[in-house]
Amino acid sequence: PKTDIVFLKVHKSASSTVMNILFRFGETHNLTFAFPQGGGYQLYYPHHFMARFVQGFSPRSPRRFNILCHHMRFLQPEVQKVVPNSAIYFSILRNPVQLMESSFVYYKGASAFSRVRSLQEFLSQPYRYYNPASGDRHYARNLMTFDFGFNPDGEVSPERVQLMLKAIEASFDFLLISEYFDESMVLLKEMLCWDLDSVVSFPLNSRDSSTKSPLPDSAVEKLKAWNRLDWEIYTHFNRTFWERIERDIGRERMRREVRALRQRRAELARTCLQGTGSVAPKDIKDSSLRPLQHGGARILGYNLKQGLDAELERTCRRLVTPELQYSSLLYKKQFPSQPP
């Protein structure tokens with residue numbers, strides 16, 4: 001199994017669920033994480049990543065960390081200073097239309113969204129609300145482009161788009177697609193030589209469907225145009241995702257693997273969870289398993305069954321521990337003398 005990993009955690013793209021998978025794998029195999037200085041949760045995002053943002057990094061010591069997966073704005077030369085040369089780089093993408101709808105609800109306080117009542121209102125005159133000079137502009141336009149380190153307000157010429165896609169391909173070994181999450185997990189398992197249980201997960205940081213609203217077709221077209229750079233990244237890598245599956249796994253085996261993954265997830269849900277799945281924040285009985293609530297979103301969580309034996313309880317708890325709590329726990333393990 002591969003143990004040196006860089007995961008670019010793209011916002012609002014099921015990346016918290018992927019992070020839980022990496023946290024569990026790292027903890028099980030005693031791997032080290034490149035934590036933000038002082039045990040924070042982001043690597044000084046939205047600044048471009050610098051090696052000195054990492055707790056325990058020193059330019060004088062050759063120490064490298066196994067897993068880099070906290071939110072950052074990608075800058076490969078700096079990333080290379082903190083992980084081994086053998087590290088596998090991957091990320092996950094989401095359809096920019098749904099991504100922006102999610103971003104709008106989640107980052108309601110961002111300057112571009114704070115004065116509008118709806119996403120349609122924003123799209124009717126985006127430049128009235130959007131200021132390219134404001135520090136939190138990236139939540140409102142080409143968020144994936146920004147996270148990959150590029151300029152979200154860059155011009156959209158075919159040459160520039162090609163350069164950007166080539167740069168991403170040169171840096172990353174593969175990109176997952178959140179709309180095809182289960183297929184993505186099979187691909188991840190294949191690329192990292194992991195076993196099935198390492199990539200099984202329950203959805204984390206997902207929001208209650210009551211805050212989701214379908215968008216009219218006119219808004220969808222406006223969203224694609226407004227997030228044109230993201231749209232170019234998404235359509236390109238969605239295509240290469242399926243090409244890779246055809247080449248490395250094949251559709252028939254993929255179907256079998258996805259079925260096995262879903263069966264295992266259902267089995268773990270029956271074993272671990274009270275009820276059939278996620279619950280509203282107010283219904284989470286164990287406060288240590290309550291996810292951070294943000295913006296206008298209601299972030300769901302889980303209740304564990306009572307009376308599980310110790311080993312099983314631990315496995316189940318890890319599967320449903322929200323990102324911030326899990327990150328703190330691992331930080332304390334890695335730096336026992338430094339309170340976060």
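N205 counts as partly exposed, at 27% relative accessibility. Buried means under 20% relative accessible area, exposed over 50%, and partly exposed in between (1.4 Å probe, protein chains only). Phi of N205 is near 60°, a positive value in a residue other than glycine. N205 sits in the loop between helix 9 (196–199) and helix 10 (217–226). Helices (H or I, at least four residues) and strands (E, at least two) are DSSP runs, numbered from the N terminus. This is a predicted model: local features need pLDDT of at least 70, side-chain atom pairs count only at pLDDT 80 or more, and totals for chains, interfaces and linings use all residues. Residues are numbered from 1 along each chain as its sequence is written, and side-chain values use heavy atoms, with hydrogens and water left out.

K12 is another residue other than glycine with a positive phi, near 55°. K12 lies in the loop between strand 1 (5–8) and helix 1. K12 is buried, with a relative accessible area of 11%. The peptide bond from Y45 to P46 is cis, with omega near 10°. P46 belongs to the loop between helix 1 (15–28) and strand 2 (67–68).

Four strands form an open sheet with parallel pairing, in the order 2-1-3-4. Strand 2 and strand 4 (174–177) stand at the edges, each with a single partner strand, so one side of each is left without a neighbour in the sheet. Two strands pair if DSSP finds at least two bridges between them. Strands of a sheet pair through backbone hydrogen bonds, either parallel or antiparallel.

Strand 1 and strand 2 pair over 2 bridges. V6 stands opposite L68 in strand 2. Strand 1 is joined to strand 3 by 4 bridges, and I5 has I88 in strand 3 as its bridge partner. Another 4 bridges join strand 3 to strand 4. There, S91 has L175 in strand 4 as its bridge partner.

## Strand 3

Strand 3 is mostly covered: 6 of its 6 residues are buried. In a regular strand the side chains alternate between the two faces of the sheet. I88, F90 and I92 point one way from strand 3. Y89, S91 and L93 point the other way.

Contact means heavy atoms within 4.5 Å.

K189 is placed in helix 8. K189 is buried, with a relative accessible area of 13%. Leaving aside neighbours within four places in sequence, K189 is in contact with W194, D195, L196, V199 and E257.

## Nonpolar core

The largest nonpolar core has 114 residues. Such a core is a set of buried Ala, Val, Leu, Ile, Met, Phe, Trp, Tyr and Cys residues joined through side-chain atoms within 4.5 Å. Helix 11 (residues 228–248) gives the largest share of this core, 7 residues.

L68 and F122 have the most contacts inside the core. Not counting residues up to four places away in sequence, F122 touches M100, A112, F113, V116, Y129, Y130, A140 and W226.

## Pocket and cavity

The second largest pocket has a volume of about 430 Å³. Of the 19 residues that line this pocket, the closest to its centre are R24, T28, D197, S198 and T315. Helix 1, helix 9, helix 12 (251–272) and helix 13 (310–320) each give two or more residues to the lining. The largest share, 5 residues, comes from helix 13.

On a 1 Å grid over the protein atoms alone, a cavity is a set of points where a 1.4 Å probe fits but cannot get out; a pocket is an open set with protein on both sides within 12 Å along at least five of seven lines; lining residues have an atom within 4 Å of a point. Grid points are joined across faces, edges and corners, and a volume is the space filled by probe spheres set on the points. The count comes to 1 cavity of 30 Å³ or more. The largest cavity has a volume of about 40 Å³. Its lining includes P96, Y139, R141, N142, N227 and D230. Helix 3 (residues 96–106) gives the most to this lining, with 4 residues.
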